[in-house]
Amino acid sequence: MRRDIPPLAEVRRITEKKRDAWWTVMLVDPVATPLVRFTAMRTRVTPNQITWGAFILGLGSAACFAFGDWKWLALGAVIYHFSFIFDCMDGKLARLTGQGSVFGAWLDFVFDRIRVMVCGVALMWGQYDRTGDTFYIWLALAVVALDTLRYINSLEIFKIRHTMRKQIKARMRAAKRAQNEAELAFMEDLLRDNPSADIEQDLQRAAGEAGAGYVTQPSDGATAAVGAEADVETAPKPKAQVIDLHQEFRQKFPAYLRVRSFLLRHRIRAHLVSGIEFQMGVFMIGPLFDAVMPVTIVSGALLLVFELAIIYKLLLSTRDFTRTIDSFEEQKVVTAA
């Protein structure tokens, strides 16, 4: 038994995300986190092995769904939830024990997509076989398409936001370099540009004023920075410039901040219907209540609504990004003038 595993409260701090889906926070973490601690202390199971276990359970859930009868649907729903708990445990165990890997992240993502596809096809095929309603075939395609859309859209939005932040940081660094270059002068350059300057006289005058920590401007264009060490010690640390890429969205929806703050205090992200809630609706709530078709339609519609909201938020964010970039250009023109 490993004795270096911390108490449960510390394990929660290490393994649980600061923001997560409400389904995970309320119905998965209370079970998964203690299991992760127990697994780390009592076994030598690796995160990748848990990923395989989640995948195999997912296939077992699909086999139950394929029978179509309500008892099998309910059993498949329970197995799917255990599969999802295992799916959350692999990442937690990796963070707790430091066994995470790039391949493990890839394996987890790919198995998740395969599990959703297989379970979606099996569930709708079982209902089609039971009822003969061809609409279930279209629902199978819709489930796979919506899951794919959700994760492709998430990855692309992440890349776009990363690119915007990267460009803004590059512009800020360039602006700071330009400002520093404007304030910095090398003596040899000043002599080259103004060979008639009396440099010795300027330096002596600067040395006499050094105690006051002044920056002296020589009469003929020669610049001498005096008392630099004192300036460094007494100058206040500059505050970080805050760039807000969601300013327009917050102005249009002022209540969003209050709702978001409330949710974050409970570790719940504002994206209330994501791929996780969509999966739970289709593969748990629908089968448990023998209402696969209506629950799948409602879950898919809610997922689309929240995805469109994220896209709209991204659109407004790109406008804030453009205004921020333009502001750097305006500052550049003013500085040059």
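Reader: How many salt bridges does a search of the whole structure find?

Author: Side chains of opposite charge can pair when their charged atoms come close. A salt bridge here is a side-chain nitrogen of Lys or Arg within 4 Å of a carboxyl oxygen of Asp or Glu. In this predicted model, the search of the whole structure finds 15 salt bridges. Side-chain values use heavy atoms, without hydrogens and water, and residues are numbered from 1 along each chain.

Reader: Which residue forms a salt bridge with Asp87?

Author: Asp87 pairs with Arg115, with the closest N and O atoms 3.5 Å apart. Asp87 belongs to helix 4 (residues 70-97) and Arg115 to helix 5 (residues 102-131), so the pair ties together parts that are 28 residues apart in sequence. Helices are DSSP runs of H or I, at least four residues, numbered from the N terminus.

Reader: Is Glu248 buried or exposed?

Author: Buried means under 20% relative accessible area, exposed over 50%, and partly exposed in between (1.4 Å probe, protein chains only). Glu248 counts as buried because its relative accessibility is 12%. Arg319, with a relative accessible area of 39%, is partly exposed. Glu248 and Arg319 form a salt bridge, their closest N and O atoms being 3.1 Å apart.

Reader: Which residues are linked in a network of salt bridges?

Author: The network links Arg12, Glu16, Asp29, Lys92 and Arg267. Within it, the side chains of Glu16 and Arg267 meet at 3.2 Å, N to O, and both residues are buried.

Note on methods: This is a predicted model: local features need pLDDT of at least 70, side-chain atom pairs count only at pLDDT 80 or more; totals for chains, interfaces and linings use all residues. Helices (H or I, at least four residues) and strands (E, at least two) are DSSP runs, numbered from the N terminus.
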